[in-house]
Amino acid sequence: LLVDTNRSSYPINKYLARQNYDTTVVGNNNNDVLSKISSSYINLDYSNSSEMRKLLELEQFQYLIPGCTDVSYNICSRINNNRFYSIDSEEVTNSLLNKKLFKNMCLKLGVPVASPIKVNELNSYKKVIIKPVDSYSGQGISTLENPNSSNIQTYIDRAMRASIIGDYLIEEFIPGQLYSMSAFILKGSISSKFFVQENCSASQFSVDTSCLDFSLPCHLRDQVVESTSRIVSRTQMKYGLLHVQFISNGKKFWIIEMTRRCPGDLYSLLIELSTGFPYIKNYTDP
């Protein structure tokens, strides 16, 4: 069962077809690419955990594969119940996808992140960023210069409306270039990694152009890998993908988030066509 029907998951579906798997895709958008072309498509809102559990029991799928959305990985983790190999527990998934929990974990492990800020500390900062703790694609995120307790409430409300659980996070705004690192884990260690420069041309917080990067200094690359390895060890990840986003000013870096799902926007093809590395195979096989 492939839990996603949008175009970013097309390479996953194509790979599974080449391996002669009998693949069903699930999603609730009839206009998505995989909804239209798949011989076995189930129209279902896959964020509904009870319906997804019923589907798993009814069809008795041998394998469960998250697609390219946070919701997809989150639901696969929730319904997994230790049945499907290499999908994290709900606790580990939540520690990554909830930005407040993730930041707290990073701070305990000494992984560099933007400083979290309380409302009564705002006067000490020239610019802050306000974000939902659990949204994606830039939804509900705002920046504010010269913040104070009276002018920030509108942005807090916006973040809370975009949050599934109605929670928000304020942190120091870090200027710099956005990057990602896709790291594949083998037996608990990072075995392959790729650095990509990310740019947001249409929206300040939504990536729409990317290219393989060779300009980031080697010592910073090594430090990003080392920091990521701390998270891998802390969460006891053994196999699969860990996709990292971070900001760097060329001298330092700050981790923004980490996800275990395949990144969207055909990121997998960017790596495969640029390097020859079988990204989708390494994401799917575990």
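Biologist: Is Lys100 buried, partly exposed or exposed?

Modeller: Please bear in mind that this is a predicted model. Lys100 has a relative accessible area of 29%, so it is partly exposed.

Biologist: Which residue forms a salt bridge with Lys100?

Modeller: The partner is Asp167, and the closest N and O atoms are 3.2 Å apart. This pair links distant parts of the chain, 67 residues apart: Lys100 belongs to helix H6, whereas Asp167 sits in the loop between helix H7 and strand E7. Asp167 is partly exposed because its relative accessible area is 23%, and the cut-off for buried is under 20%.

Biologist: How many salt bridges does the structure hold?

Modeller: There are 12 salt bridges. One of them joins Arg7 and Asp265, with 3.8 Å between the closest N and O atoms. Those two residues are 258 residues apart, with Arg7 in the loop between strand E1 and H1 and Asp265 in the loop between strand E12 and helix H9.

Biologist: Why does Asp265 count as exposed?

Modeller: Its relative accessible area is 52%, and exposed means over 50%. Arg7 has 46% relative accessibility, so Arg7 counts as partly exposed.

Biologist: What about Asp285; which residue is its salt-bridge partner?

Modeller: Asp285 pairs with Lys281, the closest N and O atoms being 2.8 Å apart. Both ends are partly exposed, Asp285 with a relative accessible area of 43% and Lys281 at 39%.

Biologist: Changing topic, what is the volume of the second largest pocket?

Modeller: The volume is about 710 Å³. The pocket is lined by 33 residues, and those closest to its centre are Leu16, Tyr63, Leu64, Ile65 and Thr284.

Biologist: Which element gives the most to that lining?

Modeller: Strand E11 does, with three residues. Helix H1, strand E4 and helix H10 are also among the elements that supply at least two each. By class, the lining divides into 19 nonpolar, nine polar and five charged residues.

Biologist: And how many cavities of 30 Å³ or more are there?

Modeller: The count is one, and the largest cavity has a volume of about 40 Å³. Its lining includes Asp70, Tyr73, Arg260 and Arg261. Helix H5 gives the most, with three residues, and the lining comprises three nonpolar, two polar and three charged residues.

Biologist: Finally, which residues form the nonpolar patch on the surface?

Modeller: Tyr10, Val33 and Ile37 form it, with about 250 Å² of accessible area together. Tyr10 lies in helix H1 and, at 34% relative accessibility, counts as partly exposed.

Notes
Residues numbered from 1 in each chain as written. Predicted model: local features only at pLDDT ≥ 70, side-chain atom pairs only at ≥ 80, totals over all residues. Heavy atoms only, no water. 1 Å grid on protein atoms, 1.4 Å probe; cavity = no way out; pocket = protein on both sides within 12 Å on 5 of 7 lines; lining within 4 Å. Points joined across faces, edges and corners; volume = space filled by probe spheres on them. Helix = DSSP H or I, 4+ residues; strand = E, 2+ residues; numbered from the N terminus. Nonpolar A, V, L, I, M, F, W, Y, C, P; charged D, E, K, R; others polar. Patch = residues over 30% accessible without salt bridge, like charges linked within 9 Å, V, L, I, M, F, W, Y side chains within 5 Å. Areas by Shrake-Rupley, 256 points an atom, 1.4 Å probe, with all protein chains shown as cover. Salt bridge = Lys/Arg side-chain N within 4 Å of Asp/Glu carboxyl O. Buried < 20%, exposed > 50% of the residue type's maximum accessible area, 1.4 Å probe, protein only.
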